[in-house]
Amino acid sequence: MPEVSDEAGGRRAVPAAAAKTKPPSRVRMSAAQRREQLIAIGRQLFAERGFDATSIEEVAARAKVSKPVVYEHFGGKEGLYAVVVDREVRALLDRITTALTAGHPRELLEQAAMALLGYIEEETSGFRVLVRESPLLSGTATFSSVMNDVAHQVEHILGAEFKSRGYDPKLAELYSQALVGMVALTGRWWLEVRKPRKETVAAHLVNMAWNGLSHLEAKPTLITARRR
């Protein structure tokens, strides 16, 4: 039996069970906490490996739960993926729409570019999930669909600007898709290289877009067509 010192400096025996340190009890997660944990783990795995290469076994293993727990919350890998993608779509769209506060079109373009690049920088895993474009969700919530939502907002801005300058407002949709596509594709490239800094990337995007927009021809034609 182990001994401990008493207040008088002597030794006294204590039961072996009392001498052992009781291990801390494991805190049980609530259903809501477990769901959030699984979503976070799924988000990371889908970002790292994509939808096809991720398995429910891996999600369960990282969460230290059994597979049935994951199925109970999401019904399967497809359900978990849909929740992850939906959250990222809403997060990105909210970030961009919240940023569009300026009145001048050039400032709006700057704000949109910075919002997208900021999302890429701060929520890299989420952006990777979106740009992988799983065939499972084609036609629903994907990176393309959220960029289309942004393009529709830009279209309204360009439409009013075109009308005030004597351009055909019906072409605003074409130009909005071109502008948003340019920023989105540049963002995908910058996701990997991270050079130069996002403010510089945004400035160059706006420089090319705005200076091009400021010198638009009312009725452009192709040079090759003019030579015929």
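Is phenylalanine 51 buried or exposed? Phenylalanine 51 is buried, with a relative accessible area of 11%. Buried means under 20% relative accessible area, exposed means over 50%, and partly exposed lies in between, using a 1.4 Å probe and protein chains only.

This is a predicted model, in which local features need pLDDT of at least 70, side-chain atom pairs count only at pLDDT 80 or more, and totals for chains, interfaces and linings use all residues. Residues are numbered from 1 along each chain as its sequence is written, and side-chain values use heavy atoms, with hydrogens and water left out.

**The whole protein**

Start with a cartoon view. The protein has 11 helices and 2 strands. Read from the N terminus, the order is β-β-α-α-α-α-α-α-α-α-α-α-α. Helices (H or I, at least four residues) and strands (E, at least two) are DSSP runs, numbered from the N terminus.

Of the 228 residues, 37% count as buried.

Contact means heavy atoms within 4.5 Å. Among the contacts with a separation of 6 or more, 61% join residues 24 or more positions apart.

**Stop 1: the rings around phenylalanine 51**

Select Phe51 and Tyr81. The whole structure holds 6 aromatic pairs. Phenylalanine 51 and tyrosine 81 form one that is edge-to-face, at 5.0 Å centre to centre with 65 degrees between the planes. Rings of Phe, Tyr and Trp (its six-membered ring) pair if their centres lie within 6.5 Å; planes under 30 degrees apart count as stacked, over 60 as edge-to-face and the rest as tilted.

Phenylalanine 51 lies in helix H2 (residues 31-53) and tyrosine 81 in helix H5 (residues 77-99), so the pair ties together parts that are 30 residues apart in sequence. Tyrosine 81 is buried too, at 4% relative accessibility. Ring pairs link Phe46, Phe51 and Tyr81 into a cluster.

Lysine 77 lies over the face of phenylalanine 51, 4.3 Å from the ring centre. A charge sits over a ring if NZ of Lys or CZ of Arg is within 6 Å of the ring centre and within 35 degrees of the ring normal.

**Stop 2: helix H5**

Follow Tyr81 along its helix. The 23 residues of H5 should span 33 Å at 1.5 Å a residue, and its end C-alpha atoms are 33 Å apart, which agrees. The expected span is 1.5 Å times one less than the number of residues.

Which residues of H5 are buried? They are Lys77, Leu80, Tyr81, Val83, Val84, Val85, Glu88, Val89, Leu92, Leu93 and Ile96. These buried residues pack against H2, helix H3 (56-63), helix H4 (67-74), H6, helix H7 (124-131) and H8.

**Stop 3: leucine 117 and helix H6**

Next, select Leu117. Leucine 117 is in helix H6 (residues 105-122). Leucine 117 is buried, with a relative accessible area of 1%. Leaving aside neighbours within four places in sequence, leucine 117 is in contact with Gly187, Trp190, Lys198, Val201 and Ala202.

The charged end of arginine 194 sits over the ring of tryptophan 190, 5.3 Å from its centre.

**Stop 4**

Select Thr186, in helix H9 (residues 172-193). Threonine 186 is buried, with a relative accessible area of 18%. A polar atom of its side chain lies 2.7 Å from the backbone oxygen of methionine 182. Not counting residues up to four places away in sequence, threonine 186 touches Val201 and Leu205.

Move to Ser176, also in helix H9. Serine 176 counts as buried at 0% relative accessibility. Beyond four places in sequence, serine 176 is in contact with Ala151, Val154, Glu155 and Leu158.

**Stop 4: across to helix H8**

Finish on Leu158, in helix H8 (residues 143-165). At 8% relative accessibility, leucine 158 counts as buried. Leucine 158 touches Ala172, Tyr175, Ser176 and Leu179, not counting residues up to four places away. Leucine 158 and alanine 172 are 14 residues apart in sequence and 5.5 Å apart in space, C-alpha to C-alpha.

Terms used. Polar contact = N/O pair within 3.5 Å; in protein donor to acceptor, adjacent residues only side chain to side chain.
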